[in-house]
Amino acid sequence: MRWDNLGESPSALFGTDVVTRTVDTPEFRGITFHEVRARSLVNRVPGASRMPFEWTVNPYRGCSHACVYCFARKTHSYLDLDTGLGFDSQIVVKVNAPEVLRRELAAPRWRGEHIAMGTNVDCYQRAEGRYGLMPGIIAALRDRANPFSILTKGTLILRDLELLRQAAGVTDVGISVSVGFLDRALWRTVEPGTPAPERRLDVVRTLTAHGIPCGVLMAPVIPFLADAPEQLRATVRAVAEAGADSVTPLVLHLRPGAREWFMAWLGHHHPHLVGRYEALYAGGAYAPTWYQRRITRQVHELAAEYGLGPSRPGRARRIPPRDTPAPDTGAGPGTAPGTGPGAAAEPPPEATQLTLL
């Protein structure tokens, strides 16, 4: 593998000692772990990113969540690993992550800036149950009162609830759970290694109940499979009922590496949609701006209806009874709000999309 020589220069990512283990237990069957000793852990975000943070920590590369759309698949090719099944089953584990992070946080040049986790691959994927790196990472951040955030689909985060509470007592801690849709049939095929959406919402509920505010990244919104108005409404409502303090939509984007894998999945499970996807994503990795803005506006309108948004003291959520009819948007049946007759050709400019790394 390409990392065989990465330990021979001062700027190498890993040391020369790489231990490969294939584990044949039920919970890890078919997964190979490549245990490496990282030389550094805090990574600078590429300058082109629109994310509101500059530094990340990723204790793993590859992800057993096996989300077919994962934009991080391309990173596996940097180590001569397969971006398809290899990304799902060949997991690189930075076994010394907590100690390296402690060293870097203590360095005189470090200024205590915000560190984001889970923006590349999930730090609470199944491998974390075996290696247990996150408690040491959170403790290191807590001990330096260094602000951080975590984005995850993993319920294992609840194992670290007490550590998160301690950290939140000394610094800013942001937790977001990714729930793009509720459709169980879609979940089983597109996110086969993740906890079910309702279990992720239970994480939101538990964190909130223990005084740790938690938002939901509604990601990805998958065109033609999870973007119907009634699907968006059901998801936003469930997010509100779980006690989330915010919901942020993110439309599916298909970068090289992920695009090929997703399109192969689409051709197998939904061949009638292949042509529509080729047209929608003809301009590149991202859906057209008009589509992104439409989805963002719909979700923002639903969030306002259910009382979601920036949290304010004493703010109560307004969750109407389930049999309350949806407000009349002026759109015809099956038409997204704001896209019917008389609607503006372009949605308001303030409806914007986030972009992950």
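Reader: Where does Glu-191 lie, in terms of the helices around it?
Author: In this predicted model, Glu-191 sits in the loop that runs between helix H6, residues 184–190, and helix H7, residues 197–209.

Reader: Is Glu-191 buried or exposed there?
Author: Glu-191 counts as buried, because its relative accessibility is 0%.

Reader: What does the side chain of Glu-191 make a polar contact with?
Author: The partner is the side chain of Tyr-69, and the polar contact between the two side chains is 2.5 Å.

Reader: And which residues does Glu-191 touch, leaving out those up to four places away in sequence?
Author: With those left out, Glu-191 touches His-65, Cys-67, Tyr-69, Lys-153, Phe-181, Leu-186, Arg-200 and Pro-220.

Reader: Switching to the core: how many residues has the largest nonpolar one, and which have the most contacts inside it?
Author: The largest nonpolar core has 91 residues, and those with the most contacts inside it are Leu-101, Ile-115, Met-117, Ile-150, Ile-222, Phe-262 and Tyr-277. Helix H4, covering residues 134–143, gives the most to this core, contributing 6 residues.

Reader: Take Ile-150, then; what does it touch?
Author: Not counting residues up to four places away in sequence, Ile-150 touches several residues, among them Met-117, Met-134, Ile-138, Ile-157 and Leu-164, and also Gly-174, Ile-175 and Ser-176.

Reader: Before I build on this, what is the mean pLDDT of the protein?
Author: The mean is 84, and 78% of the residues reach 70 or more. However, pLDDT stays under 50 over residues 3–13, for which the model has 22 contacts beyond four places in sequence. Residues 323–357 are also below 50, and that stretch has 62 contacts in the model beyond near neighbours in sequence.

Definitions and conventions
Residues numbered from 1 in each chain as written. Predicted model: local features only at pLDDT ≥ 70, side-chain atom pairs only at ≥ 80, totals over all residues. Heavy atoms only, no water. Helix = DSSP H or I, 4+ residues; strand = E, 2+ residues; numbered from the N terminus. Buried < 20%, exposed > 50% of the residue type's maximum accessible area, 1.4 Å probe, protein only. Polar contact = N/O pair within 3.5 Å; in protein donor to acceptor, adjacent residues only side chain to side chain. Contact = heavy atoms within 4.5 Å. Core = buried A, V, L, I, M, F, W, Y, C linked by side-chain atoms within 4.5 Å. pLDDT = per-residue confidence, 0-100.
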